[in-house]
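This report looks at how the parts of one protein chain meet. The sequence and the model are shown first.

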Amino acid sequence: MIVTDPDLAVDVLAHGRLCAIPTETVYGLAANAVDESAIAAVFEAKGRPLHHPLIVHMASVDEASLWVTSLPDWALDLARNVWPGPLTLVGPRTPRALDSVTGNQDTVAIRVPAHPLTLQVLEKLSQRNIFGVVAPSANRFGHVSPTTAHHVEEDLGHYLSVHGGIILDGGPSRIGVESTIVLATGSHPVVLRPGGITRKMINNITGLEIREPESAPRVSGTLESHYAPDAHVILLSATDEIPDHVAGFIAFQEIATPSQSVRLSSPTTIDEFASDLYAALRQADHDGLEQVYVVLPHDDGLAEAVRDRLTRAAHE
Ligand code: TXA
Ligand code: MG
């Protein structure tokens with residue numbers, strides 16, 4: 001069931017059921033973050049491997065100390081500047097963070113999402129002493145993340161309707177790719193997943209150089225194959241020749257549509273590229289296309305997150 005009243009979402013979540021929530025990045029599948037059976041339902045609904053950790057979504061930065069024992073000054077600065085916004089911080093967990101949330105690691109991921117409806121839900125839950133919801137992207141595991149309530153319905157509508165869950169419709173997600181995940185356990189920021197907050201923004205706010213991860217982190221969004229439609233995604237650079245047969249095509253507007261291709265998206269800016277991307281990949285499947293050609297955006301900034309997701313979508 002798709003609803004627009006945040007109070008319905010509050011009730012459903014407070015009763016241990018699932019509610020898909022809109023965020024500025026993508027829609028999340030929310031459950032009370034301290035309710036083991038609700039968390040188990042999240043894994044079941046998504047078909048997600050059990051050891052993959054979840055992000056706790058909170059109403060404000062003031063709730064961070066409930067979930068992480070400490071954050072370095074640079075991370076607090078970053079949080080205060082960016083939240084509510086597309087940033088996830090990974091810090092040392094408090095006992096409130098369950099093993100099922102952290103994937104048995106000694107860290108937990110937290111964020112304050114920037115969507116007015118969802119912030120209302122989180123604030124009202126706090127008033128009922130529920131200080132956070134887990135919310136992985138509201139798609140079947142490995143599939144393209146949802147940026148509309150309708151996308152959530154396609155992937156999880158059946159499960160939710162059978163189990164008393166609902167979808168809170170907050171319109172299309174503004175950013176369209178997932179949050180930037182930053183490891184905040186050391187002297188310098190480490191980017192585990194690029195996203196809506198760019199390296200440059202992190203560097204400007206903290207004044208610190210960004211370090212690379214030391215070992216492969218447990219981030220399912222960094223699996224080589226992820227974010228994938230059924231159609232086969234083929235990546236091109238602007239100078240590559242585009243084959244002449246029926247396929248989907250995604251590129252900046254200035255790049256002409258090859259003959260026979262089905263244009264799925266014609267963004268004029270990198271922000272539009274990101275916000276249209278997942279809907280365009282889903283459209284390819286609706287149109288029954290077997291292949292989608294994508295001319296990758298270059299540059300740094302948000303283009304890095306777009307290339308990251310497309311590279312995983314293209315991986316066999
Ligand atoms: O924008 C987003 O972050 C969206 C919206 C709904 O907020 N959520 C999202 O959740 O992308 P999900 O579960 O699809 O991806 C979260 C990533 C996962 O890849 C998970 O492995 C990683 O966060 N993660 C969670 N806890 C972690 C931890 N303690 N250490 C490292 N990675 C962690
Ligand atoms: Mg995901």
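The text below describes the interface between the two domains of a predicted model.

Domain 1 covers residues 2-206, and domain 2 covers residues 232-314. Their centres, taken over C-alpha atoms, lie 27 Å apart. At the interface, 15 residues of domain 2 are in contact with 23 residues of domain 1.

The size of an interface is often given as the accessible area lost when the parts come together. Here the two domains bury about 1,400 Å² between them, and carbon and sulfur atoms account for 54% of that area. Of the area that domain 1 buries against domain 2, 35% comes from Val-144, Val-177 and Pro-194, more than from any other three residues.

| Interaction between domain 1 and domain 2 | Value |
|---|---|
| Salt bridges | 4 |
| Residue pairs in polar contact, both at pLDDT 80 or more | 10 |

On the side of domain 1 that touches domain 2, helix α7 (residues 149-162) gives the largest share, with 3 residues. By residue class, this side of domain 1 has 11 polar, 6 nonpolar and 6 charged residues.

Which side chain meets Glu-154 in a salt bridge? The partner is Arg-282, with an N to O distance of 2.8 Å.

Notes:
Residues numbered from 1 in each chain as written. Chains lettered and ligands numbered in written order. Predicted model: local features only at pLDDT ≥ 70, side-chain atom pairs only at ≥ 80, totals over all residues. Heavy atoms only, no water. Domains from an automatic or database assignment. Contact = heavy atoms within 4.5 Å. Buried area = accessible area lost by both parts, 1.4 Å probe. Polar contact = N/O pair within 3.5 Å; in protein donor to acceptor, adjacent residues only side chain to side chain. Helix = DSSP H or I, 4+ residues; strand = E, 2+ residues; numbered from the N terminus. Nonpolar A, V, L, I, M, F, W, Y, C, P; charged D, E, K, R; others polar.
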